[in-house]
Number of protein chains: 2
Amino acid sequence: MKAEILKMLKERQGFVSGQELSDGLGVSRTAVWKAVNQLKAEGWQIEAVRSQGYRLLGEADVMTSSELATMLDTDWLGKRLAYYDETDSTNVQARKLAESGAPHGTLVAADCQTAGKGRRGRSWSSPKGTGIWMSILLRPAFSPVCASMLTLVAGMAVARGIEEACGLHPLIKWPNDLVIDGKKICGILTEMSTEDEEIRYVVIGIGINVNNEEFPPEIRDKATSLRLELGRSVRRSPVIAETARAFEEYYGIFCRSCDMSGLRQMYDGLLVNRGRQVCVLDPKGSYEGQALGIDDQGSLLVEREDGRVSHVISGEVSVRGIYGYV
Amino acid sequence: MKAEILKMLKERQGFVSGQELSDGLGVSRTAVWKAVNQLKAEGWQIEAVRSQGYRLLGEADVMTSSELATMLDTDWLGKRLAYYDETDSTNVQARKLAESGAPHGTLVAADCQTAGKGRRGRSWSSPKGTGIWMSILLRPAFSPVCASMLTLVAGMAVARGIEEACGLHPLIKWPNDLVIDGKKICGILTEMSTEDEEIRYVVIGIGINVNNEEFPPEIRDKATSLRLELGRSVRRSPVIAETARAFEEYYGIFCRSCDMSGLRQMYDGLLVNRGRQVCVLDPKGSYEGQALGIDDQGSLLVEREDGRVSHVISGEVSVRGIYGYV
């Protein structure tokens, strides 16, 4: 009910009477009053004036389950929503939910993570209110070998989500980071559980730096936040909602062919490495070349000096830009 | 301590005095007496005679944690052993243990499963005392794409384990069943959890029909047990122990190349499909051909009538013998 009240308050530019809310929702006025108090406790600034009703004052960036549910404009992603004020890691929670049968499209989000992690177990700073920590649970019918491409699909969705919600234009550093002006704004970690040659579930974890006002000195030139880029604080729910909407769209395209063929052109347009000299750190021998884009399987195409084109598979190698910043 | 007492009783062909046990283990005679009573409660037939001591009578097929620990003669597999008198499924338990940090080589076994399952969620009958239900937890450093071959490695290990423990010669129906005279004796289900392009853990579940005296009419011509084949009951611990030992050996060979190249010849020697006409049920169009063996990636090589050789990948297709029984 909180979600419905929030929606009605947001749609109206002024007061909504308690009677109107009570009639609209088919509940008692006492129930409305209780729900409004809960919303206030969550941080929403709601003014209550006798004989006029309730009015939403500012939209503070309190991210709550109700707010997220109101914002989400999707067909299937986030219909089941698990929101935590604080949790160890949204990926860990998503895996637990998956093991207990949560459906395809379950969305897990948290205001704060106490044990967030990045690739290869690196810890990921997740202080309260500063970032978006979310995980998408999928139960696809396709083969496990296709699943690694979902990291690329998610990267595209976050880039679009940030663009729609706040007008910035992040680029993708293949395979799973988003950058703005060469500084990291988002990381993606995809986990999977399989049974023989079938996928039990995939969990895509997304971490976005949103309202960080500064970073520790050692990463200050490597990381940024939406706030630092825009010079103002940013509401997180719309970014999540736009990302979810874009993910649904791109995932639909992906599932038609179970490869990147339908998304490749768009992905290449977002690829920060494209046209740049990169160094491929292959255990069998590193080499340099020019990044051309991805192939249909999501591998990075790197043209070497002798004209040969390598298909670089994620996980086998690392790629770094030669000119420092990416 | 139960494991040590069992070991001392097994090594001696006659009585072991309480004093000898007590001295050997550095515990009180009361502690010895209590441990012997626990072993009796687990089903071991131990005779206690005043002034002579304790003697092991028969080796009934009570499978216990102590007995398994005594039997296992391995370097790393089963050093951590989780034994259940009854559990939902050893794969489920192994996954839970993996999620809470259990080490590479953890072995899970149960006397009875209440929710055992086969491939694609098919239920798998697991009544008390009749079968071996075990799961091996691995944390390999190799790429997830190599993991599907572990099913083949495990199949070879079970075939060898059964041969060493009771002299029967099961063959392998590619990719993950063992058969004797065309009837199924064992199924293998491999599950995996990944993070980006790295394996978090692999769980190999193994179910073997051991002491079943009969099967339901609808599967009587498709399933058999070690007991039905031998005409006598079979102790399960030695089968598990020999399987574990063989798995260690074959896994070591597999890890040298992370493919089947070092095991392929041996695998092909066990392959019941080899040289037979098979029907490949490919969604893109079924076809018949002669199974030749596997390639280094564990795919089944099928020679078609026009001489072309298909590399059949597990999961994409089903293979069935044309002449009924396999």
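## Aromatic pairs

Across all chains, a search of the whole structure finds six aromatic pairs. The model is a predicted one.

One of the pairs is formed by Phe142(A) and Phe254(A), in an edge-to-face arrangement with 5.5 Å centre to centre and 75 degrees between the planes. This pair links distant parts of the chain, 112 residues apart. Phe142(A) is in the loop between strand S5 (131-138) and H6 of chain A, while Phe254(A) belongs to helix H8 (residues 236-257) of chain A. Both Phe142(A) and Phe254(A) are buried.

## The pair in chain B

Phe142(B) and Phe254(B) also form an aromatic pair, edge-to-face, with 5.5 Å centre to centre and 75 degrees between the planes. Phe142(B) lies in the loop between strand S5 (131-138) and helix H6 (150-166) of chain B, and Phe254(B) lies in helix H8 (residues 236-257) of chain B, so the pair ties together parts that are 112 residues apart in sequence. Phe142(B) and Phe254(B) are each buried.

## Other ring arrangements

In chain A, ring pairs join Trp76(A), Phe247(A) and Tyr251(A) into a cluster.

Arginine side chains also lie over tyrosine rings. Arg304(A) is placed over the face of Tyr287(A), 3.6 Å from the ring centre. In chain B, Arg304(B) lies over the face of Tyr287(B), at 3.7 Å from the ring centre.

## Pro170(A)

Pro170(A) sits in the loop between helix H6 (150-166) and strand S6 (171-173) of chain A. Its relative accessible area is 2%, and because buried means under 20%, Pro170(A) is classed as buried.

Not counting residues up to four places away in sequence, Pro170(A) touches Ala159(A), Ile162(A), Leu178(A), Val179(A), Ile180(A), Ile185(A) and Leu270(A). Asp259(A) is 89 residues from Pro170(A) along the chain, and the C-alpha atoms of the two are separated by 23 Å.

## Thr70(A)

Thr70(A) is part of helix H4 (residues 65-71) of chain A. With 18% relative accessibility, Thr70(A) counts as buried, since the cut-off is under 20%.

A polar atom of the Thr70(A) side chain lies 2.7 Å from the backbone oxygen of Ser66(A). Setting aside neighbours within four places in sequence, Thr70(A) is in contact with Ala3(A), Leu6(A), Lys7(A) and Lys10(A).

Note on methods. Residues are numbered from 1 along each chain as its sequence is written. Chains are lettered from A and ligands numbered from 1 in the order in which they are written. This is a predicted model: local features need pLDDT of at least 70, side-chain atom pairs count only at pLDDT 80 or more; totals for chains, interfaces and linings use all residues. Side-chain values use heavy atoms; hydrogens and water are left out. Helices (H or I, at least four residues) and strands (E, at least two) are DSSP runs, numbered from the N terminus. Buried means under 20% relative accessible area, exposed over 50%, partly exposed in between (1.4 Å probe, protein chains only). Contact means heavy atoms within 4.5 Å. A polar contact is a pair of N or O atoms within 3.5 Å; within protein, one must be able to donate a hydrogen and the other to accept it, and residues adjacent in sequence count only if both atoms are side-chain atoms. Rings of Phe, Tyr and Trp (its six-membered ring) pair if their centres lie within 6.5 Å; planes under 30 degrees apart count as stacked, over 60 as edge-to-face and the rest as tilted. A charge sits over a ring if NZ of Lys or CZ of Arg is within 6 Å of the ring centre and within 35 degrees of the ring normal.
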